[in-house]
Amino acid sequence: MTFEFKAAVSPNGQITLPADIAGQIPSGKELHIVLTWEAPTDNTSYRALGKKLNEASSYAAAAGAEETVYDSLA
């Protein structure tokens, strides 16, 4: 079975299952837990990655990288 719900981590590091979901899980059953959360949109690492990708594509265009290895064999 699969359940999806929203929760938050408490100050002491706990995540609480909603009672209606907890009541459907058999006692002692092993669970597979996947946690996801939304990344901040102003994350500087995203901007740094974008800058590096832009620089790499600019360098490739300046170096004539649009030619492929197959073009050089012709």
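**Close-up views of a predicted model**

**View 1. Lining of the largest pocket.** The largest pocket has 24 lining residues, and Phe-3, Phe-5, His-32, Ile-33 and Val-34 are those nearest its centre. A pocket is an open set of points on a 1 Å grid over the protein atoms alone where a 1.4 Å probe fits, with protein on both sides within 12 Å along at least five of seven lines; lining residues have an atom within 4 Å of a point. The model is predicted: local features need pLDDT of at least 70, side-chain atom pairs count only at pLDDT 80 or more, and totals for chains, interfaces and linings use all residues. Residues are numbered from 1 along each chain as its sequence is written, and side-chain values use heavy atoms, with hydrogens and water left out. The volume of the largest pocket is about 880 Å³, taken as the space filled by probe spheres set on the points. Its lining comprises 16 nonpolar, 4 polar and 4 charged residues.

**View 2. The nonpolar surface patch.** Met-1, Phe-3, Phe-5, Val-9, Ile-15, Leu-17, Leu-31, Ile-33, Leu-35 and Trp-37 make up a nonpolar patch on the surface, and together they have about 1,100 Å² of accessible area. Such a patch takes residues with over 30% relative accessible area and no salt bridge, with nonpolar side chains (Val, Leu, Ile, Met, Phe, Trp, Tyr) joined within 5 Å; a salt bridge is a side-chain nitrogen of Lys or Arg within 4 Å of a carboxyl oxygen of Asp or Glu. Areas follow the Shrake-Rupley method with a 1.4 Å probe.

**View 3. Phe-5 and Leu-17.** Phe-5 is placed in the segment before α1 (19–22), and Leu-17 also lies in the segment before α1. Phe-5 counts as partly exposed because its relative accessibility is 33%; Leu-17 is partly exposed, at 37%. Buried denotes under 20% relative accessible area, exposed over 50%, and partly exposed the range in between.

**View 4. Thr-2 and His-32.** Thr-2 is in the segment before α1 and is exposed, with a relative accessible area of 74%. Thr-2 and His-32 are 30 residues apart in sequence, and their C-alpha atoms are 9.7 Å apart in space.

**View 5. The chain as context.** The chain has 3 helices and 0 strands; helices (H or I, at least four residues) and strands (E, at least two) are DSSP runs. Of its 74 residues, 1% count as buried. The accessible surface of the chain is about 7,300 Å², and 57% of it belongs to carbon and sulfur atoms.

Key
Nonpolar A, V, L, I, M, F, W, Y, C, P; charged D, E, K, R; others polar. Patch = residues over 30% accessible without salt bridge, like charges linked within 9 Å, V, L, I, M, F, W, Y side chains within 5 Å. Buried < 20%, exposed > 50% of the residue type's maximum accessible area, 1.4 Å probe, protein only.
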